[in-house]
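Thanks for coming. I'll walk through one structure, starting with a few local spots and ending with the overall picture. Please have a look at it first.

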Amino acid sequence: MTEKDFRNDFPVFRKADYVYLDTAATAQRPDAVIQAEKTFYEKMNANPLRGLYELSAEATEAYEDARKTVREFIGADSEKEIIFTRNATESLNLVAYSYGLSVLKPGDEVVTTVMEHHSNMLPWQMAAEKTGAKLVYLVPDKDGNFSDDEIETKINKNTKIVCITHVSNVLGCINPVRKIADRAHAVGAKVVVDGAQSTPHMKVNVKELGADFFAFSGHKLMGPFGIGVLYGKEELLEEMPPFMRGGEMIESVSLNGAKWAELPHKFEAGTVNAAGAYGLAAAIKYLESVGFDYIREKEDRLTKIIFEEAEKYPYMHICGSDDPLKHNGIVTFIIDDVHPHDIASILDESHICIRAGHHCAEPLMKHLGVSSTARASLYFYNNEKDVRFFMEKLKEIRRYMGLAE
Ligand code: C6P
């Protein structure tokens, strides 16, 4: 595939030649997204869904058009199934509070995995604690795979909800969501998918995945901060009580109660982030113009280079699969005798941005037998120069720390 240089679309890369390897935390924003948010505030700024004047109608139209773009992006049936939230975390909390607390009873089981981000674990711990349901964890092997036996045994007639990340933010593995969803549906359970790390990198179709709920954040796919999405099947959302209560989520209110607004507004209490939604739609259009084939090919090629270089460096140990093509552009690693925070700080001196710590996945760290790790995560705007420079600097770190090379 021909190498395209998208870096020029990003103001941050025009400012300085950052080696930005932290897209799994948040992506850089292209001009198209920054400009879209600016355009919203310059040309259509008014409180949407409320005003009876033209400007407010324009803001409403921009907001609802963005919902349509999101619906098409993830292959949902109806705009009623697309709820705008602040981020994936809020989307997952919405499901746990609204659906989880309504359906779970003592003795029921919620199945999740040891590799979940805290955002798809803590809401379920809360729901289990409040309802007397039990949390059951699927345990992956070192590559991040779940055995058939693990899936068949732990997802059983007691299971009411299965919550799984589509792509791990640490191991980079793509989980077999469809297979797990089929098993969950066979026992009558619903499936909640955390798509925070998949939507920026691959074409997602919520129906093909078998997701009953699917959550993601705008900022990880180059959209603005503060806008996220929850997809939910219409029939489930219809039955669920609101998560938050206040303005715009009602049809009528009396001193004794209220009648909720139609979907999706029932779940969007208060003034909505219309500029964020407009920016998110611009991000989706930009992402689609880059193309998922290009993104996959580029990330795989660059990940392979990191793995080849790591082979020559005995002090570096990569978590997860030995196959670079199973990492979805995420390379989490440790270097013998060097704390991951030192790795990140030393690389920062060369304008290389990586993340270090537990990546909001402490139980997974424990499972891997480490307390923290360093992580480089790639996107299509990275290039061969980035990854070669990163590996060159990485190999100097032990010497820098006064350790044997
Ligand atoms: N992971 C990372 O560096 P929010 O913060 O709501 O936008 O996304 C939460 C979230 C949920 N699920 C997964 C799989 C994630 O990776 C994240 C965010 C970032 O890995 C920040 S901790």
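Pro-264 sits in the loop between strand S10 (257-260) and helix H10 (274-290). Helices here are DSSP runs of H or I with at least four residues, strands are runs of E with at least two, and both are numbered from the N terminus. The peptide bond leading from Leu-263 into Pro-264 is cis, with omega near 0°.

A word on the source. This is a predicted model, so local features need pLDDT of at least 70, side-chain atom pairs count only at pLDDT 80 or more, and totals for chains, interfaces and linings use all residues. Residues are numbered from 1 along each chain as its sequence is written, and side-chain values use heavy atoms, with hydrogens and water left out.

Next, Met-222. Its loop runs between strand S7 (213-217) and strand S8 (228-232). Phi of Met-222 is near 80°, a positive value in a residue other than glycine. Is Met-222 buried or exposed? Met-222 is buried, because its relative accessible area is 0%. Buried means under 20% relative accessible area, exposed means over 50%, and partly exposed is in between, with a 1.4 Å probe and protein chains only.

Glu-248 also has a positive phi, near 70°. Look for Glu-248 between helix H9 (234-239) and strand S9 (250-254), in the loop. At 26% relative accessibility, Glu-248 is partly exposed.

Now Ala-189. This residue is in the loop linking helix H7 (177-186) and strand S6 (190-194). Ala-189 is buried, at 1% relative accessible area. What does Ala-189 touch, leaving out residues up to four places away in sequence? The list is Thr-159, Lys-160, Ile-161, Val-162, Ala-184 and Asp-212. Contact means heavy atoms within 4.5 Å.

Let's zoom out. The protein has 14 helices and 15 strands. Of its 405 residues, 57% count as buried. Take contacts between residues at least 6 apart in sequence: 70% of them join residues at least 24 apart.

How is the chain divided? The domain assignment, automatic or from a database, gives domain 1 (6-26 + 291-400) and domain 2 (33-287). Over C-alpha atoms, the two domain centres are 28 Å apart. Across the boundary, 35 residues of domain 1 contact 33 residues of domain 2.

Last, dimensions. The C-alpha trace spans about 75 × 55 × 35 Å along its principal axes.

That's the tour. Comments, please.
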